[in-house]
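Here's a quick briefing to read alongside the model. Have a look at the fold first, then come back for the packing details.

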Amino acid sequence: MYVRAERAAKGLNRTWLLAAAVVVLFVASILLGSYTVTVPDFVTIVTAHLTGGEKIPGASFIVMETKLPRATMGLMIGVAFGLSGALFQTMLRNPLASPDVIGISNGASASAVLAIVVFGASGAAVSVAALFGALTVALLIYLISRGGSLRGAGGRNGNAAGNRLVLAGIGIAAALGALVSFLMTRADIRTAAEALIWLNGSLNPATWERIGVLLLALAVLLPFTAALAKPLRLLELGDDTAAGLGVRVGAVRLGLVLTAVALAAVATAAAGPVSFVAFLAGPIARRVTGKPSLPASALTGAVIVLAADYFAYNLAPLLLDATVLPVGVVTGALGAPFLLWLLATSNRKDA
């Protein structure tokens with residue numbers, strides 16, 4: 001009992017460290033970089049913006065229209081992706097079960113590219129198309145894998161159902177990837193460049209309007225996530241045990257799937273498919289805190305996005321002849337070796 005309490009306290013302390021890291025990276029994204037802002041100037045700029053006071057030429061625009069919305073959107077999509085990946089991975093007991101591996105992000109990408117290339121969509125229309133594509137593919141994957149025990153069996157059958165969902169998602173992701181490639185070959189150079197920027201995932205489109213929509217979505221989805229946290233912990237004991245403790249397994253699983261998909265969908269609609277954030281956040285948070293933790297996963301997702309965007313926006317131009325990278329390029333570069341390491345360690349455990 002004492003050991004368990006000590007572990008819980010240690011995990012809580014490390015969660016606070018993750019929170020501190022988020023705050024540091026958020027402040028650094030606003031104050032530092034290619035254009036530095038002092039703390040007094042930042043306070044003056046924000047106060048003037050809220051009260052209609054005198055603006056600082058140049059600095060007010062850079063802070064209020066570029067740096068602050070960019071950091072705010074990075075924080076929010078990091079939280080959304082981190083929670084989405086953790087919900088999938090914990091519920092299905094499979095570290096590969098994240099939105100960008102099982103095809104949900106691919107659904108958003110294919111729908112968005114279709115809207116851009118075929119219908120000439122831009123701005124909010126692309127985000128709506130991405131949201132629709134993510135939800136449609138998630139429903140398709142769920143229906144394909146539903147023949148197993150996703151709605152209620154436990155033990156080995158539960159793991160088999162999770163594996164079916166992952167395999168169905170990977171297959172659909174491959175097909176959608178081929179569709180995206182075909183559409184890109186049929187597009188003109190300008191349209192293809194626009195679609196490619198979106199496909200990489202970027203915080204460049206960050207605006208206060210998008211942030212407002214994303215904030216409203218998170219205000220709805222985060223309470224659902226908090227309400228499902230306790231049943232999710234009981235599901236980790238096995239579906240039969242959870243059902244014996246009064247959990248309505250089928251309803252809880254459906255709620256978890258819908259919430260996780262919605263979190264991934266709204267984040268993808270806002271910034272594009274920022275690669276591997278949902279995949280990385282849960283396992284990294286588990287290794288930091290020593291246990292599965294939704295708050296730690298959310299904070300880890302925010303750390304990954306803010307750190308990757310700081311590198312992509314401020315440091316990469318110094319190394320790559322003034323080339324600014326989309327944040328998804330950096331997270332993708334982090335995710336690929338992590339995936340290989342995860343597979344290698346899993347094989348070692350199985351052996």
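Predicted model: local features only at pLDDT ≥ 70, side-chain atom pairs only at ≥ 80, totals over all residues.

**The α4/α7 pair**

- Helix α4 (residues 104–117) packs against helix α7 (residues 189–200) at an angle of about 155°, and their axes sit 10 Å apart.
- Since angles over 145 degrees count that way, α4 is roughly antiparallel to α7.
- The crossing of α4 past α7 is right-handed.
- On the α4 side, the contact involves A108, S109, A112, V113, I116 and V117, while α7 brings T191, E194, A195, W198 and L199.
- Sorted by class, this contact of α4 with α7 has 8 nonpolar, 2 polar and 1 charged residues.

**Nonpolar cores**

- The largest nonpolar core runs to 98 residues, and M73, I77, F88, V113, W198 and L256 have the most contacts inside it.
- Helix α10 (residues 249–271) gives this core its largest share, at 14 residues.
- If you skip neighbours within four places in sequence, I77 is in contact with L203, L214, A267, A270, A271, V274 and V305.
- Another core, of 9 residues, lies apart from the largest one and includes V37, I45, V63 and L68.

**Around L131**

- You'll find L131 in helix α5 (residues 124–145).
- L131 is partly exposed, with a relative accessible area of 30%.
- Leaving out residues up to four places away in sequence, L131 touches A265, V266 and A269.
- L131 and A264 are 133 residues apart along the chain, yet their C-alpha atoms are separated by 9.0 Å.

How values were computed:
Residues numbered from 1 in each chain as written. Heavy atoms only, no water. Axes fitted to C-alpha atoms, helices over the stretch in contact; angles between N-to-C directions. Helix = DSSP H or I, 4+ residues; strand = E, 2+ residues; numbered from the N terminus. Parallel < 35°, antiparallel > 145°, perpendicular 65-115°, else oblique. Left-handed = near helix turned anticlockwise from the far one by under 90°. Contact = heavy atoms within 4.5 Å. Nonpolar A, V, L, I, M, F, W, Y, C, P; charged D, E, K, R; others polar. Core = buried A, V, L, I, M, F, W, Y, C linked by side-chain atoms within 4.5 Å. Buried < 20%, exposed > 50% of the residue type's maximum accessible area, 1.4 Å probe, protein only.
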